[in-house]
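Thanks for making time this morning; I would like to walk you through one structure, with the sequence and the model up on the screen.

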Amino acid sequence: MLLTEIDHVAIAVRDLEAAIDYYQRAFGATVDHREVVESDGVEEALLKVAESYVQLLTPTRDDSPVAKAIEKRGEGLHHVGYRVADCGAALESMKAAGAIAIDAAPRPGSRGTTVAFIHPKGSFGTLIELVQE
């Protein structure tokens with residue numbers, strides 16, 4: 001089994017501060033990690049839930065994939081991040097199973113991780129992020 005656990009569930013939002021405030025008031029959640037990922041054009045806030053995260057994402061520029069997703073579908077679920085021991089091996093396994101890779105090879109992600117994205121067209125409508133810590 002290449003998947004070791006759910007790393008995060010990503011939610012695209014227009015107003016990161018309002019979303020953080022909502023999760024704090026509704027669930028008592030606190031921000032465990034916050035980072036701007038320039039390469040993806042997003043700012044994220046990670047809310048720890050057991051050994052996983054709720055990842056709140058907001059675009060930092062109009063041409064980012066998250067900005068385009070919000071424009072097309074509105075706010076809401078953006079992708080699921082699956083934790084894997086070896087991102088390269090997981091990416092190759094998914095491609096061999098017919099997945100459509102967005103990233104040709106693993107690349108640096110937030111909080112020092114290595115990541116690769118899989119297109120929803122090859123994964124039953126779900127954008128998948130492979131995450132290696």
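Let me begin with a question: leaving aside its neighbours within four places in sequence, which residues is Val 13 in contact with? Keeping in mind that this is a predicted model, the answer is that Val 13 is in contact with Ala 19, Leu 57, Thr 58, Pro 59, Ile 70 and Glu 75.

Val 13 also belongs to the largest nonpolar core, which has 11 residues in all, among them Ile 11, Leu 16, Ala 19, Ile 20 and Tyr 23. Helix H1, spanning 16-27, together with S3 and S4, are the elements that give two or more residues to this core, and the largest share, four residues, comes from H1. As general background, nonpolar side chains in soluble globular proteins tend to be buried together.

Now to the largest pocket, whose volume is about 780 Å³. Its lining is made up of 36 residues, and those that lie nearest its centre are Pro 65, His 78, His 79, Phe 117 and Leu 127. Several elements each supply at least two residues of that lining, including strand S1 (3-12), helix H2 (65-73), strand S5 (76-84) and strand S8 (128-132), while the largest share, six residues, comes from H2. If we sort the lining by class, we find 15 nonpolar, 10 polar and 11 charged residues.

Terms used. Residues numbered from 1 in each chain as written. Predicted model: local features only at pLDDT ≥ 70, side-chain atom pairs only at ≥ 80, totals over all residues. Heavy atoms only, no water. 1 Å grid on protein atoms, 1.4 Å probe; cavity = no way out; pocket = protein on both sides within 12 Å on 5 of 7 lines; lining within 4 Å. Points joined across faces, edges and corners; volume = space filled by probe spheres on them. Nonpolar A, V, L, I, M, F, W, Y, C, P; charged D, E, K, R; others polar. Core = buried A, V, L, I, M, F, W, Y, C linked by side-chain atoms within 4.5 Å. Buried < 20%, exposed > 50% of the residue type's maximum accessible area, 1.4 Å probe, protein only. Contact = heavy atoms within 4.5 Å.
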